[in-house]
Amino acid sequence: MNKVLIVDDEKLICDMLKTELEKNNYDVTVVNNSKDAIKAIEYTQFDIVLLDLMLPKITGLDLLALIKEKSPDTVVIIITAYGSAESAVKAMKLGAFDYINKPFSMDEMLVVIKKAEEYSRKLKEINYYKKEREKKYSLDAIVGSSKAIKEIKELITRVAEADVKVVLIEGESGVGKELIAKAIHGSGKRAEGPFIAINCASVPETLLESELFGYEKGAFTDAKSTKQGLIELADGGSLFLDEIGDMPMTIQAKMLRFLEERKVRRVGGLTDIPVDVQIIAATNKILKKLVQEGKFREDLYYRIKVVPIYIPPLRERREDIVELANYFIKYFNSEFKKNVKGFSPIAMKMIMQYDWPGNIRELRNVIERAMIFEDEEMIMVERLPAEIIASSNRSMASGSFEIRIPQEGIDIEEVEKELIRQALTIAKGNQSKAARLLNIGVDAMRYRMKKFGFLK
Ligand SMILES: Nc1ncnc2c1ncn2[C@@H]1O[C@H](COP(=O)(O)OP(=O)(O)OP(=O)(O)O)[C@@H](O)[C@H]1O
Ligand SMILES: [Mg+2]
């Protein structure tokens, strides 16, 4: 039942409206002054508010602004006396849906309310999608509390605040490069602008140039009309250049020119068009190596690596595995309408030990697949893919504990740090348990955790 709030100091009108609206199945609340109206909207989410502008003390216009601020989903209809068209117009500008003049017939009122109801439904839907979109493009979408993730989040905030124009995100496949790119976009002043992504590896060379820079009519045989490129289309927002390592050399030259001049020239065009776009490039290849091999321009490399963000693979931040796994379980529980609570202890041990070459994407896929088939409360070992079970068997078989010094030597501090890290992972962060695993005291454990940066 739709909730309607009537705000009018004329009691007679209020009574009539209330009776009629209740007959039509609305849930009606009546207040006669602004103070009570403010209290009412504080506690209840109304779908529709009928608001008389002529209120003593706090005016209807102020109240309207307040309602729109507190509850953007609420639709407000203004009730106004003849001759106050001016304030009605003001109210519309402030976000009122419609207005109706006194005296009005109940039929008139019902028509307006019906329209408002439909609008309210659409408004809720739009606001819902807006919020969902904002969630995807925010820091909150990044799960994990490892030191690496915390540092990356801090860097994102700074990059977004300073509106840095070129960012390079590096990391293996599936570590979350696109997710980070979206968070950068959504955390700064560009959030309202477009976020456009293009994968340089999956578009053929000839097409990539016109995709990025656009073309003028007649630039080539197929150019029947002028087309804007993605750089232009991302004006005011961000362009995500995925797998920039695969960008052909000819286009790299054009890209460098764009980064230096901040202007694009369409293929076949004669004028330069200024564009304000944030370029977020990503790569899972080592660009430096590509430069050495002559496959990536050195000047472009230095131009884009001014602010690099490196996302370490999941196996180097195992602390995040449990948090990510729980996050995905929750996500797929709601997606599949299941009630899975977690992994069985052995399955958990296996996913903590596994190296996750496909990183977070692989973890997500493993959980998705397991949950489709799992009817138990826990995800059992049998649901895990063969490679995870096999790798776990291998590491158990080699469990006779043996350390070999590599030929090039090794830093003993690194070994110690690795042992501390592993102990903490196995003990799920429980310090005394971790200490017991290494046969040291809790104080000694804490000392080493501080020393290696596991504790602030
Ligand atoms: N920290 C994280 N928190 C939550 N989800 C994550 C996180 N990192 C990655 N994901 C999820 O993992 C999947 C892979 O991430 P994404 O596509 O951003 O990786 P990528 O680095 O761009 O991979 P590729 O190099 O293969 O393109 C996505 O579903 C993403 O939402
Ligand atoms: Mg990607």
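Here is a short walk through the structure, from its domains down to paired residues. This is a predicted model, in which local features need pLDDT of at least 70 and side-chain atom pairs count only at pLDDT 80 or more, while totals for chains, interfaces and linings use all residues. Residues are numbered from 1 along each chain as its sequence is written, chains are lettered from A and ligands numbered from 1 in the order in which they are written, and side-chain values use heavy atoms, with hydrogens and water left out.

Let us begin with the overall layout. The chain has domain 1 (3–134), domain 2 (142–312) and domain 3 (317–451), with bounds from an automatic or database domain assignment. Between the C-alpha centres of domain 1 and domain 2 there are 46 Å.

Four of the five residues in β1 are buried, meaning under 20% relative accessible area with a 1.4 Å probe, protein chains only. Strands pair if DSSP finds at least two bridges between them. β1 runs parallel to β2 (residues 27–31), with five bridges, and valine 7 sits opposite valine 31. On β3 (residues 48–52), which is parallel to β1 and joined by four bridges, valine 49 is the bridge partner of leucine 5.

Terms used:
Buried < 20%, exposed > 50% of the residue type's maximum accessible area, 1.4 Å probe, protein only. Helix = DSSP H or I, 4+ residues; strand = E, 2+ residues; numbered from the N terminus.
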